[in-house]
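User: I am about to study this structure for the first time. Please take me through it one topic at a time, beginning with a pair of residues.

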Amino acid sequence: MTTTTPPATGVVRTTAQAPKAPKRRRGGPAGRRSTPLTIAMLAVLAYFLLPLLWLLIASTKSTQDLINSFGLWFSDTPQLLTNIRDTFTQDDGVFLHWLLNTLLYAGVSAVGAAVLAAAAGYGFAKFRFRGNGAAFNLVLGAVMVPATALAIPTYLLFAKVGLVNTPWAIILPSLVSPFGLYLMRVYAQDAVPDSILEAARMDGAGEFRIFLQIVLRLLAPGLVTVLLFTLVATWNNYFLPLIMLNDPDLYPITVGLSSWAAQAQNGGAGASSDMLALVVTGSMISVVPLVVAFVLLQRYWQSGLATGGVKQ
Amino acid sequence: MAKHLARPRSAGPLFIAPFMVLFLLLFLAPLGYAAYLSLFQEKLVGGTSFVGLENYLTAVKDPQLREGVIRVATFFVIQVPVMLLLALLFALALDSGLLRLSRVIRLGIFVPYAVPSVVATLMWGYLYGPDFGPFAQLSDKLSLPAPHFLTDSWMLGSLANIVTWEFVGYNMIILYAALRTIPHDLYEAAALDGAGAWRVAWSIKLPALRPALTLTLLFSVIGSFQLFNEPNLLMKIVPDVIDSSYTANLYAYTLAFTSQQINYAAAVSFLLGLLIVIISYAFLLTANRRRPA
């Protein structure tokens, strides 16, 4: 586990700065750019972005136009606003419920998981106590236990204690992030200097004050990474809410959209013809918040992932 | 674990306690419960009775489970190398310093990771579709037969494409971040020795990527073997191509929630989890053994 030891603080620091380092890159003198390579990579980029462009264009179309006009260009009668309004008013505004539910589940899970992982990571990194190593290895082993293999027994347990079909059924399992703990422990080891802890203790600060006022601040970039990735995991979670919830008002956006998609698919009568446009528009709307979050916070998660990938 | 960092302090256990309590309740307890349930069987007459390992014996011989496991194993063997190779190539290209617009390209390739797999699958499902998918539209214009992405023989490839689209960028970022931590003087020394870009990539960059590659491989094992969302959603479009035991996980889900065979479902999920852990450890051990001293 600890065999690779790149200069400890160097790892975190260099990568934290990496995204905003436009200065001279390695691999060749500055200014020597390759046009063929750039063109090849732009073609690659098209593969990743064209489907999303299709989704964006499709969300401006009526179900009729979806079928009759070419997918990668707008129809003669764009109606994005109509589609958005229809999406939010369908089934008494259930889509807004789904959006707010998703925000609630993902927000609470992400903040909770990040704080729990930060405290535990700090505890494992900076304190020595009986069972420290064993407990950490136990959690580390759990990284490999597939979430979906856990989901069915978790459902059965939750059914026994009456947690099924409540928001807790989604939030509680998302609070425990073994990978987040691993990341925070590695991060805390480098980012929290012992000298600062010593100095604070000399001044008579209690352990919890030290954690709240000093450590959390030092751990901020790692914290943001865990937060962001738990946010994505919960936001995108489908399996867990699918089995835990049966009240449509509690659905997150993923389960809600898939239920609409199923209606659009085999609705048969009248309803199905309009549903398709709603599924497409709802999908488009659900993608926007996370993409914005990733673009705005890219410096943080890139450095955080680096910490996890470099040290093992 | 650097020893000089740690000291005996009573506060340590208090910091880890909240996490560990939830870990016990939400990780170990369900696992234990699944193990317990898997040892019983619900009979039509006489209620629930202890049957020992009988469910596991049934599971090992269950042709539907075997079919599902073989399918995800096939998926893993084909999709994961393609995905990781692409991620590696893109990371090397980004790190080469030869690209214009590298920030835009990096972020653009990563963006699908932020798209929920439900949305990604619905979207690709429509793109693949024969009615208004652009592929069908294009081949119609060119008077060619439309590609049959959603047929039996294409399905695994179509699923692989969706998963690849979603996760290449994520893996690329991990590898790219690892590349950025290679010290500069190694490149300077290599340049002095007259090593070209390919030589540098092969002899310096690839070995330095080993831990990051192991990590991405590990995540891919876990992801592939519990494949569920994508087939579950496509099943609604083409129910005659994807059946309820298409992947092992889909089968476990069907057992638990459609046919109400809770005990057998517990045995199947437990077995599946065990399989993933064994394969993951096998990869970890191989990776560590090959690591130069």
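Analyst: Glu207(A) and Arg201(A) are both buried. In this chat, buried stands for under 20% relative accessible area, exposed for over 50%, and partly exposed for anything in between, with a 1.4 Å probe and protein chains only. Please note that this is a predicted model, in which local features need pLDDT of at least 70, side-chain atom pairs count only at pLDDT 80 or more, and totals for chains, interfaces and linings use all residues.

User: How do the side chains of Glu207(A) and Arg201(A) meet?

Analyst: They meet in a salt bridge, with an N to O distance of 2.7 Å. The term requires a side-chain nitrogen of Lys or Arg within 4 Å of a carboxyl oxygen of Asp or Glu.

User: How many salt bridges are there over all chains?

Analyst: The search of the whole structure finds 4. One of them joins the side chains of Asp194(A) and Lys126(A), at 3.6 Å from N to O. This pair links distant parts of the chain, 68 residues apart: Asp194(A) belongs to helix 9 (residues 194–202) of chain A and Lys126(A) to helix 4 (residues 80–126) of chain A. Helices (H or I, at least four residues) and strands (E, at least two) are DSSP runs, numbered from the N terminus.

User: And is Lys126(A) buried or exposed?

Analyst: Lys126(A) counts as buried, at 1% relative accessibility. Asp194(A) is buried as well, with a relative accessible area of 15%.

User: What about chain B: with which residue does Arg71(B) form a salt bridge?

Analyst: Its partner is Glu67(B), and the closest N and O atoms are 3.3 Å apart. About one helical turn separates Arg71(B) and Glu67(B), because they are 4 residues apart in helix 3 (residues 63–95) of chain B. Glu67(B) counts as partly exposed, at 32% relative accessibility.

User: Turning to the two chains together, what area is buried between chain B and chain A?

Analyst: About 10,500 Å² is buried between them, and carbon and sulfur atoms give 73% of that area. Buried area is the accessible area (1.4 Å probe) that two parts lose on being put together, summed over both. The largest share of the side of chain B that touches chain A comes from helix 1 (residues 11–37) of chain B, with 20 residues. In total, 111 residues from chain B and 114 residues from chain A take part in the contact, where contact means heavy atoms within 4.5 Å.

User: Now chain A by itself, please. How many helices are there in chain A?

Analyst: Chain A has 15 helices and 1 strand. It has 312 residues, of which 56% count as buried.

User: How many residues of helix 7 of chain A are buried?

Analyst: In helix 7 (residues 168–175) of chain A, 6 of the 8 residues are buried, and the helix is mostly covered. Among them are Ile170(A), Ile171(A) and Leu172(A).

User: With which residues is Leu290(A) in contact?

Analyst: Apart from neighbours within four places in sequence, Leu290(A) touches Leu231(A), Val232(A), Trp235(A), Asn236(A) and Ala114(B). Leu290(A) lies in helix 14 (residues 271–296) of chain A and is buried, with a relative accessible area of 2%.

User: One last topic: what is the phi of Ser143(B)?

Analyst: Ser143(B) has a positive phi of about 55°, although it is not a glycine. Most residues other than glycine have a negative phi. Ser143(B) sits in the loop between helix 6 (134–141) and helix 7 (152–179) of chain B, and it is exposed at 64% relative accessible area. Gln260(B), also not a glycine, has a positive phi of about 60°. Gln260(B) is in the loop between helix 12 (248–257) and helix 13 (262–290) of chain B, and its relative accessible area of 53% makes it exposed.

Terms used: Residues numbered from 1 in each chain as written. Chains lettered and ligands numbered in written order. Heavy atoms only, no water.
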